[in-house]
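Dear colleague,

I am handing over the structure below, and I would be grateful if you could look through it alongside the notes that come after it.

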Amino acid sequence: MTFSIQATIRALAAPRHRLSCPRKVWRQGLAEIASRGEGHHESGAFLLGYSDGLRGRVARFAYYDDFDPACLDSGIVVFDGAGFGPLWQLCRETGLRVLADLHTHGGPGSARQSPLDRDNPMIAQPGHVALVVPNFAIDFRMRDVGVYEYLGSHRWRNHSAVGLGRFFYTGVWA
Ligand SMILES: [Zn+2]
């Protein structure tokens, strides 16, 4: 039997956050979200990845308008239920599951769920995470990202601001 110090160090350093996203995936995903929002309307994506039931790790973004091309037209995200067919198809093909969804709001400062967001979870499954990014994802700070965990029965736990650093890890601290 061999004892691997490297593996032990990796295990100790591994993030204990409920949801994590590699920095590269996060940066590229948010750049694409910002581009699709054209600086003046909302856009968003499902965050697909792996989960052991306790912790999820995002592997890729799947953009709303790739499943429902009209969903950004009104300025706010209005996702047609028909878009879930191709989403589940992608999940089957890749072996990934939907861990979270992310959409943008306009304006600088902290982004928080709107009453519409609260009443309409994209995935109404306990443990699902909804992220809200300010300023149409152009030049924002991580601490201004809204992070909400769905508890079921139209209840959410707010992990924004103080709780964000414990719950969600991207390797981006700006
Ligand atoms: Zn919203």
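The notes below take up a glutamate, a leucine and a surface patch in turn. Please keep in mind throughout that this is a predicted model.

I begin with glutamate 42, which is placed in the loop between α2 (23–37) and β2 (44–51). Glutamate 42 is buried and yet has no salt bridge, the nearest side chain of opposite charge being that of arginine 118, which is 13 Å away. What the side chain of glutamate 42 does reach is the backbone nitrogen of valine 77, at 3.1 Å. If neighbours within four places in sequence are set aside, the residues in contact with glutamate 42 are Leu72, Gly75, Ile76, Val77, His103, Thr104, His105 and Phe136.

Ile76, which is among those contacts of glutamate 42, also belongs to a nonpolar patch on the surface, formed together with Val78 and Leu116 and having about 260 Å² of accessible area in total.

The C-alpha atom of leucine 87 is separated by 9.9 Å from that of aspartate 68, the two residues being 19 residues apart along the chain.

How values were computed: Residues numbered from 1 in each chain as written. Predicted model: local features only at pLDDT ≥ 70, side-chain atom pairs only at ≥ 80, totals over all residues. Heavy atoms only, no water. Patch = residues over 30% accessible without salt bridge, like charges linked within 9 Å, V, L, I, M, F, W, Y side chains within 5 Å. Areas by Shrake-Rupley, 256 points an atom, 1.4 Å probe, with all protein chains shown as cover. Salt bridge = Lys/Arg side-chain N within 4 Å of Asp/Glu carboxyl O. Helix = DSSP H or I, 4+ residues; strand = E, 2+ residues; numbered from the N terminus. Buried < 20%, exposed > 50% of the residue type's maximum accessible area, 1.4 Å probe, protein only. Lys, Arg positive; Asp, Glu negative; His and termini not counted. Polar contact = N/O pair within 3.5 Å; in protein donor to acceptor, adjacent residues only side chain to side chain. Contact = heavy atoms within 4.5 Å.
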